[in-house]
Amino acid sequence: MLTIFIHRQGQTEPVTSIDRAWLAPGSSTLLWVDLAAPTIPELLILSDTFGFHPLSVEDARAELQYPKIEAYDGYLYVILHGIDFHAGEKGIATHDVDFFLGTNYLVTVHDGHSTSIKALADAVVRNPKLMNEGPVSLFHRLVDSMVDNYRPEVEKLEARIDELEDAIFDHPSHTLVRDILLVKREVAGLRRVVIPQRDVVSRLARRDYVDISTDMSFRFRDVYDHLVRIADDAAIFQDRVTGVLDAHLTSASNRLNEVMKVLTVMSTIFMPLTLLSGLWGMNIELPRFPGSDAAQFWWLSGIMVVVVAGMLAAFRVRRWI
Amino acid sequence: MLTIFIHRQGQTEPVTSIDRAWLAPGSSTLLWVDLAAPTIPELLILSDTFGFHPLSVEDARAELQYPKIEAYDGYLYVILHGIDFHAGEKGIATHDVDFFLGTNYLVTVHDGHSTSIKALADAVVRNPKLMNEGPVSLFHRLVDSMVDNYRPEVEKLEARIDELEDAIFDHPSHTLVRDILLVKREVAGLRRVVIPQRDVVSRLARRDYVDISTDMSFRFRDVYDHLVRIADDAAIFQDRVTGVLDAHLTSASNRLNEVMKVLTVMSTIFMPLTLLSGLWGMNIELPRFPGSDAAQFWWLSGIMVVVVAGMLAAFRVRRWI
Amino acid sequence: MLTIFIHRQGQTEPVTSIDRAWLAPGSSTLLWVDLAAPTIPELLILSDTFGFHPLSVEDARAELQYPKIEAYDGYLYVILHGIDFHAGEKGIATHDVDFFLGTNYLVTVHDGHSTSIKALADAVVRNPKLMNEGPVSLFHRLVDSMVDNYRPEVEKLEARIDELEDAIFDHPSHTLVRDILLVKREVAGLRRVVIPQRDVVSRLARRDYVDISTDMSFRFRDVYDHLVRIADDAAIFQDRVTGVLDAHLTSASNRLNEVMKVLTVMSTIFMPLTLLSGLWGMNIELPRFPGSDAAQFWWLSGIMVVVVAGMLAAFRVRRWI
Amino acid sequence: MLTIFIHRQGQTEPVTSIDRAWLAPGSSTLLWVDLAAPTIPELLILSDTFGFHPLSVEDARAELQYPKIEAYDGYLYVILHGIDFHAGEKGIATHDVDFFLGTNYLVTVHDGHSTSIKALADAVVRNPKLMNEGPVSLFHRLVDSMVDNYRPEVEKLEARIDELEDAIFDHPSHTLVRDILLVKREVAGLRRVVIPQRDVVSRLARRDYVDISTDMSFRFRDVYDHLVRIADDAAIFQDRVTGVLDAHLTSASNRLNEVMKVLTVMSTIFMPLTLLSGLWGMNIELPRFPGSDAAQFWWLSGIMVVVVAGMLAAFRVRRWI
Amino acid sequence: MLTIFIHRQGQTEPVTSIDRAWLAPGSSTLLWVDLAAPTIPELLILSDTFGFHPLSVEDARAELQYPKIEAYDGYLYVILHGIDFHAGEKGIATHDVDFFLGTNYLVTVHDGHSTSIKALADAVVRNPKLMNEGPVSLFHRLVDSMVDNYRPEVEKLEARIDELEDAIFDHPSHTLVRDILLVKREVAGLRRVVIPQRDVVSRLARRDYVDISTDMSFRFRDVYDHLVRIADDAAIFQDRVTGVLDAHLTSASNRLNEVMKVLTVMSTIFMPLTLLSGLWGMNIELPRFPGSDAAQFWWLSGIMVVVVAGMLAAFRVRRWI
């Protein structure tokens, strides 16, 4: 879907087609063109009307592109990733948004899921003066909003790691491994999507490109700080997940030790007793303890109690029980 | 096999030998010489006709060279790796293609397996105007096509990792280790072959060499983006394979815990019972439970049931069963 | 709470409101404004009176910001972290302090927990000449004091690692894992909070900003050295905690080996004896040893002693006992 | 042993002493002095005749020096390592060769094991025109030959890793660990000796030193490529050995699982049967199954078969057998 | 203790106090002041007589400072670490030596344990011309000697690693872990103390400071080489200790496998035999084998032999015995 906002002589209005004169270098007309899930004919506007370089147009058409920033003759081409809300069980999912940023126009291309662009379009309708700030400011608003949208997802991830950390010590279970490894992969995915964006925004903040004013560079530095924080959080998360995995492995090893101790204690106590009962079950003349026939059983029981006591003492010395 | 395409006065035609005048600096003749699995005499053309530096000729002759780019006097010497299709069980296999790129010629040397070169030769025959774009453009077409050929192999690798990830949790088996380690080695091999090529193409994109026009540098930047993506995918694959190996190890440790618990539970339940039966098997006067002779068996059975119940309760408390 | 110290004509006095003339570039009046847990109206002073850039004001308002240094037009904006004493079981906790450093003023914003700022305010009251040294010197005093406050916390951490190292060999227990992983996380937290501050102070020491005199840069280099030492200590701690975890894992594996050896030795000794007693318990005609009926038992006992001795010899050879 | 080759007026001849006039800056006499396992008096030539800096002379005397390149006034001082053939079981062993490279002389100092120097001395005798190429070319020939000598050792190492990889899956044994760790150490040793040499040669190839002509720099770039390849191979070897070690550890863990399963299966089947036989061995009145006295045995046997079948079914469900 | 050597007009003599005129920029008097375990009044000489910057004086007073080099106005301030001999069981211990290096003086501050300084003081007394070389040369002599003193400690460490490597395969024991982890920590400590010193000396060798002549920079490059070698050795040691730890862990896992195999083999052989003896111990009518009453025992023994032989064959097939 093609949406065009035009701003001239202090007025913002939606239009349906573009006059090439508006794009001329000295033109005072400001333009925001949004292509949401564009059809092939709609995409023609990029090459035919704006005359963008075929490679950037091809990138804008392609599905999943990595975040990057490229200076072409007369415009900046930027790809950033917005986060998909309600991605559900698939974990963190993103969509890419393409920006063509010229001196008096901003063109955005995306798959229609960007809540940030919808919100800005609504804001422009409600407050037409927004357009007056120029395309760099519009661009900054979008980037700022897209980055802010990462925060809830980061917090969700943090909550899951908190849960895992509690679970690993309080009720460890081997089904946790799957969860741990899933979270680990998501954290890696978050880093992978945030770090290149941080670098893109860092270049905007450092004013590598002349179109960015000092004040705008301060604003991008602010967005950059947010991205740095998310990247740092992701690094912390990675450490924590690794810690959880370590804890799982050591607690598994501890449980094995526990189980084996029980087995060994039981076997070590019962094997001598069983042997003793086996000896007195032999069909040969057995040695007699002093006393009556009935006393024989109690003599043997007494010996067994002594054996058990000795074993328990030995285990106590080794701190096994 | 030696194939020569020549382009002059708007015409492209195959020829069988080279006139040295065509190679003169100001010559408007454009030339593409392809040496597929060349014989020793065919290789002489490199030193005798073109006068390439002995070291680059030696490299072109040698079998497996690492990707690199070197500026010699009057030409660029580039080695890149194409992927072998149908490599089968051996995993990812590559062949090296050598490029000598001069102002008005392109010389390619390879072992005859390059599908990209075959495709370009066909394209030049069908559409002779291709040659008109000059040797850098031909070179770019080859590089672009060679890099595109990596994609299916990368996807095959991804599919195998997907399979491993499913298998590791759903039907773990110790034969998986071999597969995991094989895939791990292939991922390492992919990184090893892609990363130096990425660096070579990055230098072409950054216009380190004056013969690359701005527009061509944009095109190489595009190829560079593809290689960056493959290298990133390989990094992701590496993380995932490591994750699969971790999962295998932890699930092996979990299975061991399970097995040991069963053994311990069984032993702990049966050892006291066996002792009890052994005691009453002794050939001495045994204590009598109240009741008839026939009731003795049931008294003992009752005691055993109590012992088993107590053990099961103890295991339940420890969450073993 | 808003506290304002003003220094003019050799006099320091607390005031309750600010005259904008004091802030003029050539003004000889020196000013320290401290906002401790400021209310919203109190924060207005930052934008209204001082005219700080909205982004830095927003950062000063926000809760937990990362350490950073940013040059704005006419002032430096610095965020550093002070350590919370008595953080108790939560481990290392910090609060951020914001500094606005102009040519003749210093503004500090914090949540009211900073003991360093309280101490400096007391010092200024007791010794009014301190203000005469200028805002950079005040700023240095605060930074120096904040960094010094890290030392006791670092030493507490070191003491805990010492304890863990002793415990792991002397009375290993699986409850240690939780402690080890907690300390590990705290060490990581310490590094995370110290390293960016080290980089901020390094930039002050390197005189990236013209307002810092050579002598002041020497002083900041000194603070930088302290931070380097803390960061190095944290790196050492990390190594040591990793070593403790390794020691725990290997000692767990050693204990498992010990337990299994006991089980195997016991089983291997008792199983043949039990079989022997079982054989002579069979209700069939048994082979007789030479001698009387009473001698049969001692023959069998003798055989058992021989079996046990043989087993023990075999274990001795394998160095199991 | 001191060997001196002198080249003047197109003639190469061995001499036994050096005329200092030959070393004068403008002299057209070319000189190669080789000191093989030199005696103390022979070493005096370095300081007395050539006037080399005491530190470089001291380095040349010392036993095992690290590869390095240092520019002194009037000459380059280079240390490289040649590989010892037939090092046998000690793994990879190297000797250092010291080069003093002046405008019209080359001095080599080594312990007499260098096959490359012997080969070049023979070549100079057979083909006196070699000397005419100048000292840089002689130096290049030696370096090239020394680096080529690494190849067979690298291939031997590769063959051993191939063997280990086959062995680890086909007939794993705990004696393999020692071999794996030995190979691992050798691979680390190879990297340690190759990487600094790669950096030394890289500086020669990059023409950091003015005495290297463009053509010579191409030749050193070629040697550099060989060293890069060896370093890359060593990196691959390291990955592979780590993979073998991982495979060993996981296969050990798998074997333990197998062993424990067998033990558990056997115990779980036999313990109930033994209890049953123990119960019917008690010396009390036993319950009777229907049928004759002789049928009792078969009733019990039947029950045992049912127990075994049930156990086996349970194991089958758990995929243990 | 304060020791002062003064050199003027070709004479070196110890004095007890300093004339400030000697320190004037153009003065030809050379001075070496050594403060060994100085008292507070002795330390006043640093600020009062020499007028060193308070921060460097404070560092010189402080106990354990990290190696560093700092240029102050008119002098270099350097901290290096000497090694303590006879540190005994505490492993590697160092003391810091502070150097103030001016154009015509050298001041050294240390805790009195430095053998290098004692040796140089003796040398100056025996050979007064040493002072004539100037303070940079004295400084170099001290640094060189301090670095040389590391060598024996490095070799002691190497010897301990050699021992561990032998022990781990020849008579592994779980008490080795403690030794391994101790050596590991010492190796880490060695790296931590050597690497910053290497960087300090590297800056002296690179002539970052104008007071170092070319010849002196050669000498510092030599010291730098020694430090590089020690750092490299430490890196090798670290690899080797890690290898020893790996070997310990794998050999522990191998021993566990061995123990479990013995247990499983024993149990698997004896459990069927015990069951068989139990069956024929039942107090019911047992099936009879053909032959006499006495033959029954041998029939059963024969069956047992067959069972054992079958089990052993099964184990042989699995390569367990």
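Modeller: A polar contact is a pair of N or O atoms within 3.5 Å, where within protein one must be able to donate a hydrogen and the other to accept it, and residues adjacent in sequence count only if both atoms are side-chain atoms. In this predicted model local features need pLDDT of at least 70 and side-chain atom pairs count only at pLDDT 80 or more, while totals for chains, interfaces and linings use all residues. Side-chain values use heavy atoms, with hydrogens and water left out.

Biologist: How many residue pairs are in polar contact between chain A and chain C?

Modeller: Between chain A and chain C the count is ten residue pairs, both residues being at pLDDT 80 or more.

Biologist: Why is the meeting of C:Arg192 and A:Asp239 called a salt bridge?

Modeller: The term asks for a side-chain nitrogen of Lys or Arg within 4 Å of a carboxyl oxygen of Asp or Glu; the side chains of C:Arg192 and A:Asp239 meet at 3.3 Å, N to O, and therefore qualify. Across the interface of chain A and chain C the rule finds five salt bridges.

Biologist: How much area do chain A and chain C bury between them?

Modeller: Buried area is the accessible area (1.4 Å probe) that two parts lose on being put together, summed over both, and for chain A and chain C this comes to about 4000 Å², 64% of it on carbon and sulfur atoms. In chain A, the residues A:Arg229, A:Met271 and A:Leu275 lose the most area to chain C, together 13% of what that side buries.

How values were computed:
Residues are numbered from 1 along each chain as its sequence is written. Chains are lettered from A and ligands numbered from 1 in the order in which they are written.
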